[in-house]
Amino acid sequence: MRRTYLRAAQRLLVAPPARPSLVPRSLAPAPSGSATHRSFASASAPIPPAAPASGSSTEQYDIVIIGGGPAGLALAAALGTAPALSRTARIALVEGGSLDRVRAWAPDEQSRQFENRCVSLNASNLAFLTQIGTTPHLSLARTAPIQDMQVWDGLSGARIAFAPPGGSTEMARIVENVNIQRALLRHVERATGVRVLEGRKVGGIERDEGGWPVLELEGGERVRARLLIGADGPNSPVRHFSKIESYGWAYPTHGVVSTLSYTPLPPLPSAPHHTTTAFQRFLPSGPVAFLPLPAGRASLVWSTRPELAAQLKRVEPDALALLINAAFRLPWAAISEIHSLLSSASATPPSATDLRTLLSTLEQRAGISPHSALSSLATSQTGVPDPEAASLPPLVTSVQPGSTASFPLRFSHAESYTGTRTALVGDAAHTVHPLAGQGLNMGLADVASLAAVLERAARAGADVGSHTALLDYPRERYVANHALLSATDKLHKLYALEAPPAVWARSVGLEVVNELAGLKDLIIGQAGGSATAGPARTGGVWDALAGGMEGVGKAAEMVGGAARLAGSLGRYAVEAAARGVADAARGGARR
């Protein structure tokens with residue numbers, strides 16, 4: 001598989017073929033009696049229209065996007081506001097389900113109920129959403145900044161803390177997925193000419209005699225596209241139609257999400273941004289993350305074994321709150337005992353009362369005082385807080401009913417992002433472990449890149465579906481995405497290890513990076529990306545952190561190698577000196 005990725009990267013990095021000179025043609029209206037279709041100029045002969053199926057008509061579009069999720073809607077918004085494309089291209093978005101729930105989403109700005117699927121948007125993607133005109137439609141009162149980040153090893157306690165680099169006030173912003181989706185849909189419907197075809201499932205995709213993709217929609221409708229773009233998820237029909245292979249594997253973990261309530265700590269001089277700090281603890285069973293939301297709420301993302309994920313969904317909300325507090329505070333040995341209890345409770349999960357009794361016993365055994373910040377049973381955080389409280393998330397007091405859900409986790413990467421008159425963005429091209437919170441950030445960076453590539457093609461009068469027009473998109477995104485995919489996969493596997501040498505190595509790496517302020521500023525600068533809109537550098541904290549820890553390991557190997565070399569040279573010098581002394585002694589004896 002590694003050879004496959006290397007071959008793909010080599011294909012992307014080779015010099016592009018010479019492009020033919022393109023002479024733009026005027027975009028004249030279609031002749032009377034023909035299907036309305038505004039065509040791009042192309043160096044090749046015009047492609048004839050597909051013959052309509054018997055008893056049905058074929059709608060003609062320059063660009064068709066399949067998928068009404070955040071990535072698909074973002075691409076529709078970007079293309080619909082691009083100057084050249086909005087003037088010359090006919091664009092449609094096809095979504096198999098109804099978007100009425102997204103369209104009608106109108107929570108009270110003061111509501112304390114939040115969706116359980118949230119994303120951490122970096123600065124580059126926030127700037128991109130602003131550039132395409134989406135930000136005014138966001139409900140900003142329901143978003144929260146991340147101003148600090150605490151990440152630590154669940155076995156050794158080794159820790160790294162991040163703060164915004166100089167001149168910045170936040171590293172990212174936590175936003176509900178539906179908030180982003182509604183803002184994008186509003187912008188597409190109110191400010192662009194993109195046609196939204198919702199409630200139309202794709203029954204099949206074929207090619208006409210000219211090589212253009214033709215969609216068969218349920219109900220008999222046909223849609224023909226100069227360029228077909230798949231924003232249609234990890235099981236992408238567009239990717240299968242394009243015969244693009246996707247490589248990867250399923251992780252032996254599921255992601256559990258939920259919406260939490262907590263009581264903020266009293267002001268802490270050592271942690272002025274405690275309510276806007278993201279916390280993540282790496283346990284051998286998977287990382288658990290606490291992401292701040294407004295109004296004393298937070299979003300949970302807990303990656304763990306499938307059997308435990310199933311039990312976490314079954315326990316009552318009060319019991320789940322106790323389990324979450326324990327996951328951030330107790331030693332791994334105690335957490336393992338709790339997991340064993342949950343796994344053995346096949347019929348009835350333990351109640352909150354049962355868990356309190358068990359936690360009390362485990363904390364006494366571990367020497368944790370009921371008044372310590374490490375206690376998961378404290379009922380109040382008033383008074384003078386324990387100084388150690390600044391390094392831990394606030395105690396969860398309750399879980400929003402009905403907000404707990406889980407989903408399987410996968411690593412996957414398509415062999416190519418483009419096919420014959422097709423392209424892939426977002427989850428259709430790649431899926432990543434959520435430990436870095438970069439899934440949608442990667443997808444939006446894909447969208448920004450592809451939209452810019454297509455706009456350049458439109459300005460040049462090129463055929464937007466041609467291989468030449470699309471060539472820059474995978475060159476900009478493939479290697480960058482693969483670096484982040486690789487980094488998160490390394491971190492997931494590295495922190496699953498419990499062997500003492502592995503724990504020692506990763507802990508030293510983390511603590512060394514934490515002590516290098518300049519390196520941390522560089523890492524966090526990459527994490528947030530540039531505030532200038534454009535294709536984001538999605539590697540961010542996790543890519544740089546994995547690379548930094550790998551670099552520390554390599555440096556340690558180099559130091560060890562140098563020490564071994566010095567030792568060898570030392571031994572050689574001693575041996576040479578001894579031989580010299582012996583020779584001198586023998587010479588003196590002969591004289």
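Mentor: β3 (residues 118–122) and β7 (residues 172–176) pair in the antiparallel sense over five bridges; strands (E, at least two residues) are DSSP runs numbered from the N terminus, as are helices (H or I, at least four), and two strands pair if DSSP finds at least two bridges between them. Bear in mind that this is a predicted model, where local features need pLDDT of at least 70 and side-chain atom pairs count only at 80 or more, while totals for chains, interfaces and linings use all residues. Residues are numbered from 1 along each chain as its sequence is written, and side-chain values use heavy atoms, leaving out hydrogens and water.

Trainee: What is the strand order of the open three-stranded sheet?
Mentor: The edge strands, each pairing on one side only, are β3 and β4 (144–146). Pairing in this sheet is antiparallel, and the order is β3-β7-β4.

Trainee: Why is β3 largely enclosed by the rest of the structure?
Mentor: In a regular strand the side chains alternate between the two faces of the sheet. Here Cys 118, Ser 120 and Asn 122 point one way and Val 119 and Leu 121 the other, all of them buried; buried means under 20% relative accessible area, exposed over 50%, partly exposed in between (1.4 Å probe, protein chains only). β3 is largely enclosed because its buried residues number five of the five.

Trainee: Is Ser 299 buried or exposed?
Mentor: Ser 299 sits in strand β15 (residues 297–304). Leaving aside neighbours within four places in sequence, its contacts (heavy atoms within 4.5 Å) include Asn 116, Cys 118 and Phe 290. Its relative accessible area is 1%, so Ser 299 is buried.

Trainee: How do α2 and α12 lie relative to each other?
Mentor: Helix α2 (residues 70–81) and helix α12 (residues 439–459) pack with their axes 9 Å apart, at about 25 degrees. Axes are lines fitted to C-alpha atoms, for helices over the stretch in contact, and angles run from 0 to 180 degrees between N-to-C directions. Under 35 degrees counts as roughly parallel, over 145 as roughly antiparallel, 65 to 115 as roughly perpendicular and the rest as oblique. So α2 and α12 are roughly parallel.
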